[in-house]
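Walk through this protein with me, one region after another. Keep the sequence and the 3D view open as you read.

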Amino acid sequence: MTTPAEIIAQYDHLLLHDANEAATRLKVINDVLYSVLGWTHSDIAPEERVSEDRSTTWADYVIRTGMTAAVVEAKKVGVCFDNVPNTRRAQLNGKLVKDALGDAIVQARDYARKLSIPFAIVTNGDAWIIFPATRTDQVKFQDSSAIIFPSLRSALQDDYAEFYDLLSRASVISGRLEHELLGRVENQIEARRLNSYFKVGFSRVSRHSLFPLIEDAVTSAFTEDIVNADPDLLEKCYVNTPDRLRFDSRIKMHVARKESATAKAPHRPLRDKNPQVGSIISDAASRARPLALLVLGQVGAGKTTFLEYTHKIEAAETFQQRADQSYAYWMQIDFRTFSKEESAHDYILQALKKLISADPFLSDYNRCIKHAYASEIEELFKGPLFLISGEEKEKNTRISALIMSDYEKTQPYVEKLISYAAQNVPVFLVIDNIDQFEDEEVQSSIFADAMALARKLSVSLICAMRETTFVRHRNTPIFDAFDFDPVTIDPPQVLSVLSKRFFVARHLLRDKSGRFTAENGADVQVADLRVVIDLVQGSVLGSEIGTLIDVLATGDIRLALRITREFLQSGWTASGKALRIYQQTGKYVMPRHEALRAIMLGNNTVYSEATSVLGNPFDSRLAKTEAQLLRLFVLAAAVQYSSESNFRYLEGLEIQRAVREVGFGDSATTRVLSDLCSLRFMHTVSHSMPTFESNYIVSRLGGYIVRHFMSNMMFVENVMMDTFIPKELTWNELYGLTNQIYSSRDTIGRLKIRKKRVQFFMEVMREQYAPLRSESIRRGLPKEWCTDPFAAAANQLSINLEKAMHSAERNYGADAK
């Protein structure tokens, strides 16, 4: 590679011999662009054709990446740029745009405008002038500023760091030109999102739902608390079958699994037949040292439910309270009610104090408290209070004062009683939901205080946390205090969980009746409300709706329960008709499109990613039009890789290389990877935070986004409401179609406009995606990065749109209002 000093020497030689433009470009400008600034031959198109109004010219260089582009206009050595000011910045007016330099600036500007390229560079091999050529922020060209390096020695020697930081490939794809010349990298500054203007849904369908009749039962059955609080319901609802899906034939994608978060092979209660965790706990009394269990699982996998099941069902005999003998203690502390402003140490002690007060043995003076304080009382009356040791009344007063003082301080009282109990029976300190806060300092404090207390009192410790939390802390000294046995909670089968929850809801509605007003105004009496549960259960289990809930939950049982609850509340219409059909035929399936809409909207009337359980693949929310579809670009490639049977994971470094090659900086890629993981489209294999050092797998949801939802009218129609529309003409068309939809009272006519709007939106998104694909192909990236997810979805979307039209015409008639 040619060094800056060699380039300066070449320039001096060319200047001495009055070299032409070709020599200037070959021996100076090429070396500056390739050797110094790091541009590649894939980035630069020399002599690119510029045609407009039947005239054709040629731009000397066009630098183009997925992020941005610039025209370079080269003049030969010796062309005099007399007007170059001796300042780093100058406005594009006055002397700067006169004579030979001005002609070159205007020429480069015009090339850039014709090619819709934002930036231009003018150089004669010596001076380098960089400026914005095509602005979209209403700032006039003459009011813009250029950045000037008046000589080659300035660029490559005196001010090299500044020159490199402005024009190197790494800097440009990170947005340096935008930042320095426009004042910001973002170019999406207008409120071109439909949900900014249309705040309510356009649907005029009146919802006469049966839900109020079953609301209390559904709310109770589809939450964790009531089930975990009642041992009978807990036993009926507990699912010990893990989700084992490895290949989804619908989207033809292998569903890869995360690796274990611990070096030691974990117990897997939902997979392993033996040993059961309950038996490990029951045998704790025979162990030479206290037990230490680490219960790990993803968000919503059922860690709390597993703890409750272990305590109240599997090991219930161990913890059964007895009046005639001592028994083991399960002292569970739930940090869901913990506040960051509290002390974790005090929170644990106060919780233990409440558990002691509620326990018939630990709170009994004669059975427990006096024995826990026996040695201290004995020492007290052998020493300082010896003179009153024979006065029973005074003695009792002093003992009461001692115990009361400790009780008010909490810590000494709790420690004495638990230490005494632990001398005779196993005591389990169970810490749950310690990662309700992402604050690592708070989490560390909870770990440290729980472990220190367990060690001090010689009690067994069970800590439940997310795998991501453990991975974040596993190399800290905190975990050296105990030799933990890991227990991994695999997410159970979602549909099995829902089936059992419907059973509970049905049980809660036994002997209950109700009435509602149907959509035709009729007053309908329902003698047995369990029939409503039968109706809705049939629409969820074993149907497209059940699969939808399963996919969207991504193993998060808590989320699956919430989705189902919200869907049952608002995901269906024509309640009277539904009940009538079910009572006549024993079968009714709610419309799938209504289910998806209800799930995506939740309690809102218009889709917004911030409030929906389903993210938007069409907007990376980077406020940069060129990067808007980076989420989809990375996800589509990952899905393609996942189609191979030997796929294990996609390396973060591979993603970084591919996106860099296309022309985007690492900060954009980092943001996209973080969003893809938080939206549950992808996961890191090791449960770590997403970085370039991580390896990634696609979730089943991520596969459905690319290979199913992109051809679903309801999905596209909703996410478009929260998608930025870059071009003004496109925005006006989409806004106008949306206005027509809201204004129309003709059901069939409105659906035709909706169909047109969906097709138009997808064409716009496909056009916006095209540069990412073309850059991938042009740069020779692996085939997985060169696919067009819109082409794959287009045919099925067209079929689905036609089905929707036929269905509407069949149900409402061509002239329906």
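The paragraphs below go from strands to salt bridges, and then to pockets and cavities. Remember throughout that this is a predicted model.

Start with strand β12. Is it enclosed or open to the outside? Six of the six residues of β12 are buried, so the strand is largely enclosed by the rest of the structure. In a regular strand the side chains alternate between the two faces of the sheet. Look at each face of β12 in turn. Val 427, Leu 429 and Ile 431 lie on one side. Phe 428, Val 430 and Asp 432 lie on the other. Every one of these residues is buried, and both faces are covered.

Now look at the partners of β12. Strand β11 covers residues 329–334 and runs parallel to β12, joined to it by six bridges. β12 also pairs with β13 in the parallel sense, over four bridges. One residue lets you follow both pairings. Phe 428 in β12 is the bridge partner of Trp 330. In β13, Phe 428 has Ser 460 as its bridge partner.

Another strand deserves a stop. Thr 488 sits in strand β14, which spans residues 485–488. Is Thr 488 buried or exposed? Its relative accessibility is 7%, under the 20% limit, so Thr 488 counts as buried. Which residues does Thr 488 touch, leaving out those up to four places away in sequence? They are Pro 266, His 267, Arg 268, Pro 269, Leu 296 and Glu 467.

Next come the charged pairs. The model has 48 salt bridges. One of them joins the side chains of Arg 466 and Glu 438, at 3.1 Å from N to O. Arg 466 belongs to strand β13, residues 460–466, while Glu 438 is in the loop between β12 and α18. The two are 28 residues apart, and the pair links distant parts of the chain. Arg 466 counts as buried because its relative accessibility is 18%, and the limit for buried is under 20%.

Stay with Glu 438. Its side chain also meets that of Arg 472 in a salt bridge, at 3.6 Å from N to O. Arg 472 lies in helix α19, residues 467–473, and Glu 438 in the loop between β12 and α18, so this pair ties together parts that are 34 residues apart in sequence.

Lys 727 forms a salt bridge with Glu 767, and their closest N and O atoms are 3.0 Å apart. Lys 727 is in the loop between α30 and α31, and Glu 767 is in helix α32, so the pair ties together parts that are 40 residues apart in sequence. How accessible is Glu 767? Its relative accessible area is 49%, so Glu 767 is partly exposed.

Turn now to open space. The second largest pocket holds about 1,400 Å³. Its lining counts 44 residues. Ser 116, Thr 136, Asn 187, Thr 625 and Glu 626 lie nearest its centre. α7, α31 and α32 each supply at least two lining residues. Which element gives the most? It is α32, with 10 residues. By class, this lining has 15 nonpolar, 13 polar and 16 charged residues.

The largest cavity has about 190 Å³ of space. It is lined by 20 residues, with Tyr 238, Gly 302, Thr 305, Pro 492 and Ile 557 nearest its centre. The elements that give two or more residues to this lining are α9, α10, α12, α20 and α23. α23 gives the most, with three residues. By class, the lining of the largest cavity has 13 nonpolar, three polar and four charged residues.

The second largest cavity has about 90 Å³ of space. Among the residues that line it are Leu 33, Trp 39, Ile 63, Thr 65, Ile 121 and Val 172. Its lining has 10 nonpolar and two polar residues, and no charged ones.

Methods
Residues numbered from 1 in each chain as written. Predicted model: local features only at pLDDT ≥ 70, side-chain atom pairs only at ≥ 80, totals over all residues. Heavy atoms only, no water. 1 Å grid on protein atoms, 1.4 Å probe; cavity = no way out; pocket = protein on both sides within 12 Å on 5 of 7 lines; lining within 4 Å. Points joined across faces, edges and corners; volume = space filled by probe spheres on them. Nonpolar A, V, L, I, M, F, W, Y, C, P; charged D, E, K, R; others polar. Salt bridge = Lys/Arg side-chain N within 4 Å of Asp/Glu carboxyl O. Buried < 20%, exposed > 50% of the residue type's maximum accessible area, 1.4 Å probe, protein only. Contact = heavy atoms within 4.5 Å. Pairing = 2+ DSSP bridges.
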